[in-house]
Amino acid sequence: MLLLIDNANLHNIAELYDSFPYDGVTTNPTILMHEHKNPLKQLKLIRDFLPKDSQLHAQLISSDFKTMLEEAHFMLRELGDDLFIKVPVTADGMRAISPLVKEGIRVTATAIYTAMQAFMAAKAGARYVAPYVNRLDNMGSDGVQVASTIHDILRIHHMDTDVLAASFKNTQQILDLCKHGIGAVTAAPEVLRALIQHDATFTAEENFSQDFFSLINEVEGLNLKEKNKK
């Protein structure tokens, strides 16, 4: 399962990459807005920072078919051919997926709330489909179950598409999807950091250190006694 960072803050991204080899970064217009910087320049900074094999996903803001295609081409010229273009599964967005894919452009179908939206985007050729797990929970659905169902449908029909699950509030949601074999998840920095944090681990580390230094003091005390005897 790929682990991506759902964030556009370069400091946060660099800090996370310093502690673990993540697989890339996902962004959307709202995430970029939080940085209060020129969005294209910020995406270029992220692209320049990321290791060569890391993914970068950036979303279209156009709402009509023709402009979506033009914007996708502009983004690729500015950010590189290896960019993943995020396309919302509106009527025009769904229409844009197929011609983009036929050009060899990698598409991440986003803003997915139902399994059939994901299935149709996969049939159109999307490389990833991105259901919003926690947003689904907040709407009264089971986000983990929806993402798992999408994964099962893709595998049953032998599609070359993976789930890129997004929108998480806790690590349990990610664990449940990991157990189900989901292809990729993207989460906010605080959720990703929590994946490896546990109070018992810190306590164990402290106990090990205390025991070690107690042993050193004991050994040094014994050595001192032996020297005094001589």
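User: Which residues are linked with R155 in a network of salt bridges?
Analyst: In this predicted model, R127, R155 and D162 are linked in a network of salt bridges. A salt bridge here is a side-chain nitrogen of Lys or Arg within 4 Å of a carboxyl oxygen of Asp or Glu.

User: How far apart are the closest N and O atoms of D162 and R155?
Analyst: They are 3.2 Å apart. R155 is partly exposed, at 31% relative accessibility; buried means under 20% relative accessible area, exposed over 50%, and partly exposed in between (1.4 Å probe, protein chains only).

User: How many salt bridges does the structure hold?
Analyst: It holds six. One of them joins K44 and E78, with the closest N and O atoms 2.7 Å apart. This pair links distant parts of the chain, since K44 is in helix α3 and E78 in helix α4, 34 residues apart. Helices (H or I, at least four residues) and strands (E, at least two) are DSSP runs, numbered from the N terminus.

User: What does R47 pair with?
Analyst: R47 forms a salt bridge with D82, and the closest N and O atoms are 3.4 Å apart. R47 lies in helix α3 and D82 in the loop between α4 and β4 (84-88), so the pair ties together parts that are 35 residues apart in sequence.

User: Is R47 buried or exposed?
Analyst: R47 is buried, with a relative accessible area of 13%, whereas D82 is partly exposed at 30%.

User: On to pockets. How much space lies in the largest pocket?
Analyst: About 340 Å³. On a 1 Å grid over the protein atoms alone, a pocket is an open set of points where a 1.4 Å probe fits, with protein on both sides within 12 Å along at least five of seven lines; lining residues have an atom within 4 Å of a point. The volume is the space filled by probe spheres set on the points, which are joined across faces, edges and corners.

User: Which residues are closest to its centre?
Analyst: Of the 22 lining residues, D6, N28, I31, R135 and S167 are the closest to the centre of the largest pocket.

User: What about the second largest pocket, which element gives the most to its lining?
Analyst: Helix α4 does, with four residues. The second largest pocket has a volume of about 230 Å³.

User: Where do the numbers come from, and which atoms are used?
Analyst: Residues are numbered from 1 along each chain as its sequence is written, and side-chain values use heavy atoms, with hydrogens and water left out. Local features need pLDDT of at least 70 and side-chain atom pairs count only at pLDDT 80 or more, while totals for chains, interfaces and linings use all residues.
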